[in-house]
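Thanks for coming. I have one structure to go through today, and I will keep it short. Please look at the screen.

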Amino acid sequence: MNIEYIPIAALNQYAYCSHRCWRMFCAGEFIDNQYTIEGTTLHDRVHTTSENQREETWQVRAIWLKSDKYKLIGKSDLIESAGGQFYPVEYKRGRKGEWDNDELQVCAQALCLEEMTGQTITTGYIYYAHSHQRQLVEINQELRKSAIATIEAVTNLLTTGTMPIPIYSKRCQGCSLNLQCLPKAIDRVKTYQEVS
């Protein structure tokens with residue numbers, strides 16, 4: 001597959017589950033469940049293009065971000081600027097999760113913003129709709145390295161189209177594609193022995 005630009009959202013999906021990322025971005029499979037519908041509804045509200053000023057903070061919603069250096073593209077939920085400093089705000093439906101996939105997505109947005117504005121982006125935020133709270137994301141060297149490694153892994157996945165083996169974890173319980181990949185079935189097949 002010839003990949004020009006990687007969707008920023010693919011990094012989030014890959015960090016959550018590489019098999020899920022393959023199903024969505026290579027096989028073109030997607031099924032809604034309660035969580036994806038809630039997320040889509042939230043993003044439908046957020047992704048109305050607008051620009052406004054809230055006290056000292058300038059806000060713009062639903063603008064496209066792009067990086068030629070990292071070959072990334074995606075639509076932002078919200079970009080803010082306070083005191084001349086830009087930062088991304090990513091909206092998520094629930095509350096803070098146990099995994100770092102949302103932080104990787106914010107970092108990827110920051111990498112695009114840096115290229116587009118010429119500024120160094122040091123912070124971003126994740127707004128969790130369930131708690132109505134923002135979580136600070138520090139765009140530090142460790143997160144940058146992790147994001148760049150994930151970009152390379154997603155590029156390889158999309159270029160080769162090689163399907164990662166599904167591995168069952170706690171994450172599978174809320175995944176809308178759980179019935180397609182059947183991660184527990186893989187383990188059962190490995191341990192299956194015919195009775196002689």
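Pro7 has Ile73, in strand E5, as its bridge partner. This is a predicted model, so please hear everything I say on those terms. Strand E5 covers residues 72–75 and is joined to strand E1 by two bridges, with the two strands running parallel.

Where do these strands sit in their sheet? The sheet is open and has three strands, in the order E1-E5-E4, with mixed pairing. E1, residues 6–7, and E4, residues 64–67, are the edge strands; each has a single partner strand, so one side of each has no neighbour in the sheet.

Now the interior. In general, nonpolar side chains in soluble globular proteins tend to be buried together. Here the largest nonpolar core has 30 residues, and the ones touching the most other members are Ile6, Leu72, Ile139 and Ile151. Which elements give two or more residues to this core? They are helices H1 (8–16), H2 (18–25), H4 (101–117) and H5 (141–160), together with strand E8 (123–128). H4 gives the most, eight residues.

Take Leu72. Beyond its neighbours within four places in sequence, its contacts include Ile6, Leu11, Leu65, Ala108, Cys112 and Ile151.

There is also a second, separate core of five residues, with Leu78, Tyr87, Tyr91 and Tyr127 among them.

Last, the chain as a whole. It has seven helices and nine strands. Of its 196 residues, 41% count as buried. Of the contacts between residues at least 6 apart in sequence, 62% join residues at least 24 apart. The accessible surface is about 11,200 Å², and 51% of that belongs to carbon and sulfur atoms.

Key. Residues are numbered from 1 along each chain as its sequence is written. This is a predicted model: local features need pLDDT of at least 70, side-chain atom pairs count only at pLDDT 80 or more; totals for chains, interfaces and linings use all residues. Side-chain values use heavy atoms; hydrogens and water are left out. Helices (H or I, at least four residues) and strands (E, at least two) are DSSP runs, numbered from the N terminus. Buried means under 20% relative accessible area, exposed over 50%, partly exposed in between (1.4 Å probe, protein chains only). Contact means heavy atoms within 4.5 Å. Accessible areas come from the Shrake-Rupley method with a 1.4 Å probe; for residues, only the protein chains shown count as cover. Two strands pair if DSSP finds at least two bridges between them. A nonpolar core is a set of buried Ala, Val, Leu, Ile, Met, Phe, Trp, Tyr and Cys residues joined through side-chain atoms within 4.5 Å.
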